[in-house]
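Let's take a walk through a protein model together. Have a look at it first, and then we'll go piece by piece.

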Amino acid sequence: MIMPTKQQAEIITDITSHMEKSGGIDGWFVGVTDKPKEQLFEVCNVDKENAWWIYRTAEDSPTATKVKVALLNNGFKLDSFEKDGITEAKIIYAYRKS
Amino acid sequence: MTKLERNKTIAILITVLLVGLVIFLFFYFKPKVQPQPIITFQFYQLVVMCISAFFTLSAVLVALFKDQIYAKFKYAELLIKNREDAFICENEAHSDQQVMGSPIIESYETILIVENIGNSLAEDCTFQLTALVFKTDNNTEIKEDIDVSKVKFLNWNNSEKEETLIYPKNRATVSVLKITKDEMRGPNNGQGDQSAAPILSIGGIKVNQKHMSNGVWIADFTLCSKRIDPINYKLCVEWKGSWKSRKYDLLKEQIRIKRIK
């Protein structure tokens with residue numbers, strides 16, 4: 001098993017702690033994007049004021065993908081609204097679908 | 001071998017061959033030249049031959065060096081300028097999001113303007129971070145050379161384009177630095193948790209990480225274009241590592257950017 005780097009671990013911890021504050025992993029989705037606000041509030045239709053959401057910026061795109069895979073292994077579900085093929089995507093977002 | 005060098009080599013070879021042939025013929029036949037009077041017609045015939053020889057030679061030279069001759073009269077010249085005096089501009093969130101009547105700042109950016117002050121098109125222009133050095137706050141000890149070998153070309157005019165054309169008397173913009181902040185929120189988080197440190201990206205690299213949360217970064221950028229020598233642009237960024245929601249406060253307390261020549 002490949003150990004995450006310090007930066008990857010920090011992002012995973014941030015997102016996981018935020019998820020735990022919400023009461024559990026049920027309904028949490030994760031994805032990678034280059035425009036987090038547009039993705040969360042316009043594409044995924046997350047309620048900005050009353051929903052649980054978080055985004056964190058990784059060092060680069062491969063790091064973001066590794067963090068996403070780690071979160072998927074931890075029980076997050078893959079966001080079906082995630083856009084494929086964005087080469088510069090290095091922001092990991094997660095939200096709880098209400 | 002460049003085109004210019006190849007043309008020069010061809011021209012030198014032709015000249016050497018011609019001179020060699022004349023010398024060889026002269027010594028081989030050992031002509032005995034005696035002065036003889038010529039008639040007017042012959043004189044003008046010689047003049048016409050000389051003129052036509054001159055034009056033939058000129059045509060050969062023009063054909064060989066046409067790019068260089070063209071470049072003497074039609075050339076592109078690029079100039080890099082900062083868009084804002086203090087190098088920083090604000091990017092506001094959607095206009096409907098305001099705090100106490102002021103717009104919410106989503107990110108800060110340093111945008112450079114590349115202007116073509118020549119009279120010819122600047123082709124295949126690219127802008128890239130070529131070196132990045134981090135120093136401690138006291139600016140004395142070099143701490144780290146950051147690897148920029150995997151950095152891609154920067155995007156032009158806020159688009160996905162990594163290469164662009166700049167027409168004469170026209171300009172293009174390129175974003176070389178960005179400060180953003182990550183966010184998170186839950187239904188009971190009130191104004192939202194801003195615990196994540198703001199992110200400083202220089203030339204597409206997230207630079208404030210690990211031990212480099214604040215300090216001084218020296219960034220070397222290179223502007224390249226077809227038929228133009230690369231142009232270097234060096235920036236010194238001093239950052240204390242915190243986010244400010246107003247540009248005035250950011251510039252006063254957190255960041256100082258200047259060009260180093």
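How many residues does the contact take from chain B and from chain A? It takes 12 residues from chain B and 14 residues from chain A, where two residues are in contact if their C-beta atoms, placed from the backbone, lie within 7 Å. The side of chain B that touches chain A has 4 nonpolar, 3 polar and 5 charged residues; Ala, Val, Leu, Ile, Met, Phe, Trp, Tyr, Cys and Pro count as nonpolar, Asp, Glu, Lys and Arg as charged, and the others, Gly among them, as polar.

Before we go on, a word on the ground rules. This is a predicted model: local features need pLDDT of at least 70, side-chain atom pairs count only at pLDDT 80 or more, and totals for chains, interfaces and linings use all residues. Residues are numbered from 1 along each chain as its sequence is written, and chains are lettered from A in the order in which they are written.

Now find strand β4 of chain A, residues 91-96 (strands are DSSP runs of E, at least two residues, numbered from the N terminus). Here 6 of its 6 residues are buried, meaning 20 or more other C-beta atoms lie within 10 Å of a residue's own. On one side sit A:Ile91, A:Tyr93 and A:Tyr95, and on the other A:Ile92, A:Ala94 and A:Arg96.

β4(A) has antiparallel partners: β1(A) over 6 bridges and β2(A) over 5 bridges (pairing takes at least two DSSP bridges). A:Gly31 partners A:Tyr93, while A:Arg56 stands opposite A:Ile92.

β2(A) also pairs with β10 of chain B, antiparallel over 2 bridges, and there A:Ile54 stands opposite B:Met184.

Technical notes:
A residue is buried if 20 or more other C-beta atoms lie within 10 Å of its own, exposed if 12 or fewer, and partly exposed in between; C-beta atoms are placed from the backbone. Helices (H or I, at least four residues) and strands (E, at least two) are DSSP runs, numbered from the N terminus.
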